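Welcome, and please open the model in your viewer. We will go from one stop to the next, selecting a few residues each time.

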Amino acid sequence: MVSGTGLDALARLSEERVDHRFKGLPPDADGMTVGELAAQRRNLFTGGFTTPVLALSAERLEHNLRLMETYAARHGLAFAPHGKTSMAPQLFRRQIEHGAWGITLAVPHQVRVARAFGVRRVFLANELVDAAALRWIAAEQDADPEFRFLCYVDSVRGVELMDAALEGAARPVDVVVELSAGDGARTGVRTEAECAAVADAVAGARALRLAGVAGYEGEVPDADPERVRAWLRRLVSLAADFDEAGRFAGLDEIVVSAGGSAWFDAVADVFAEIPGLSAPVLKLLRSGAYVSHDDGHYRRLTPFNRVPEEGALEPAFRLWAQVVSRPSPEQAFLNAGKRDAAHDLDLPSAQVVRRDGTEQPAAGITVTGLSDQHAWLRTTGEPGLEVGDWVGLGLSHPCTSFDKWELIPVAEADGTVVDYIRTFF
């Protein structure tokens, strides 16, 4: 659900002027609005775009949106995709149009972006104890009765800080107790007894309301299907125990939430086992990387590898760079580096070579390293790689791919650019 003012804000993105801020866009487009440039439907390869340039596949983006919409519906899951992946309000809107309950975010700045573009349901998958941010959340809730906000709590001290900062708020802030994924994992309450103590603190707070339980199974130590499912069953049991103790009295729905991009099949299986509680259960999945998928980390880890009958995500990113140096038959350099390509999980992978309008597989070409503005290639000589060739790179880790580009062309398979995605990191 996106508000009318949010739709207006999205429309205004097309009025932004193209200039030097946006890497890879045609220099002769300076001064045009983004909408005017999009209307020209320029070709990514012949329309004046400069390398390096990151592009999203229009067809693969739509495929991924549809696939996760279908998957969530098939398994009876509400879906709040993690918006920190893209920080792109245009994609938030498309995710919501494809059935998303709302958007998950991680820090207050991201919530401000979502609210500026009209997102009315936000799950903050993090603890929030910043007094200024909490006062802003309270003001947003007071101003918009349709704004639904939830966040984690994992300590009595955190509950006390939240309650103090929210004094005088007209509506309580909904919180979910975060169950830790295990010893040495990230945030979250370590034991069920401590979970109960945090829940008791919420019950005693004037400005908070306990809405459910949540956590992130991606942090389970030495994760495998058995360990992940065991932790998810702990989460479900915690919800049932809280409900039996009357902690959710008066709620219209009880939130039980988990689900990154590596184990959502396990989430679907275990959440299907949630028993009847005193109110309907909002089974909230939060996977985010699916929207663009990738050619590395998530391609290896996606649950669709385990359940191929349910479909397959498609990598939608391609970074185009140009060969600028070929000092030997075994070495070449591209004009894209750490400033342009995600490299925190895997190096980019060379996929295709483009010359004179023709593409061929990038056989025998390996990215061996990145400098700030160069990719180091090792070659076997077979492709006949030449200075001036365009090389299409696959990327690993969507989150750190999006955040290097402020305006990303969306291109159809023939290279026609049909849209531009604005990010806000």
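A helix axis here is a line fitted to C-alpha atoms over the stretch in contact, and the angle between two axes is taken between their N-to-C directions. Keep in mind as you look around that this is a predicted model.

**First stop: helices 9 and 10**

Select residues 225-244, which form helix 9, and residues 264-271, which form helix 10. Their axes come within 10 Å and cross at roughly 45°.

Now show the side chains where they touch. On helix 9, pick Val228, Arg229, Leu232, Arg233, Leu235 and Val236; they meet Asp265, Ala266, Val267, Asp269, Val270 and Phe271 of helix 10. This contact is made up of 8 nonpolar and 4 charged residues, with no polar ones.

**Next stop: helices 3 and 4**

Move to helix 3 (residues 58-74) and helix 4 (residues 89-97), whose axes lie 9 Å apart at an angle of about 40°. This pair, too, is oblique, and its crossing is right-handed. Select Leu61, Glu62, Leu65 and Glu69 in helix 3, and you will find them meeting Leu91, Arg94, Gln95 and Glu97 in helix 4. Here the residues divide into 3 nonpolar, 1 polar and 4 charged.

**Last stop: Gln90**

Stay in helix 4 and select Gln90. Is Gln90 buried or exposed? Its relative accessibility is 16%, so Gln90 counts as buried. Follow the side chain of Gln90 to the backbone oxygen of Tyr420, 2.8 Å away. Beyond its neighbours within four places in sequence, Gln90 also has contacts that include Leu10, Leu13 and Asp419.

Definitions and conventions. Residues numbered from 1 in each chain as written. Predicted model: local features only at pLDDT ≥ 70, side-chain atom pairs only at ≥ 80, totals over all residues. Heavy atoms only, no water. Axes fitted to C-alpha atoms, helices over the stretch in contact; angles between N-to-C directions. Helix = DSSP H or I, 4+ residues; strand = E, 2+ residues; numbered from the N terminus. Parallel < 35°, antiparallel > 145°, perpendicular 65-115°, else oblique. Left-handed = near helix turned anticlockwise from the far one by under 90°. Contact = heavy atoms within 4.5 Å. Nonpolar A, V, L, I, M, F, W, Y, C, P; charged D, E, K, R; others polar. Buried < 20%, exposed > 50% of the residue type's maximum accessible area, 1.4 Å probe, protein only. Polar contact = N/O pair within 3.5 Å; in protein donor to acceptor, adjacent residues only side chain to side chain.
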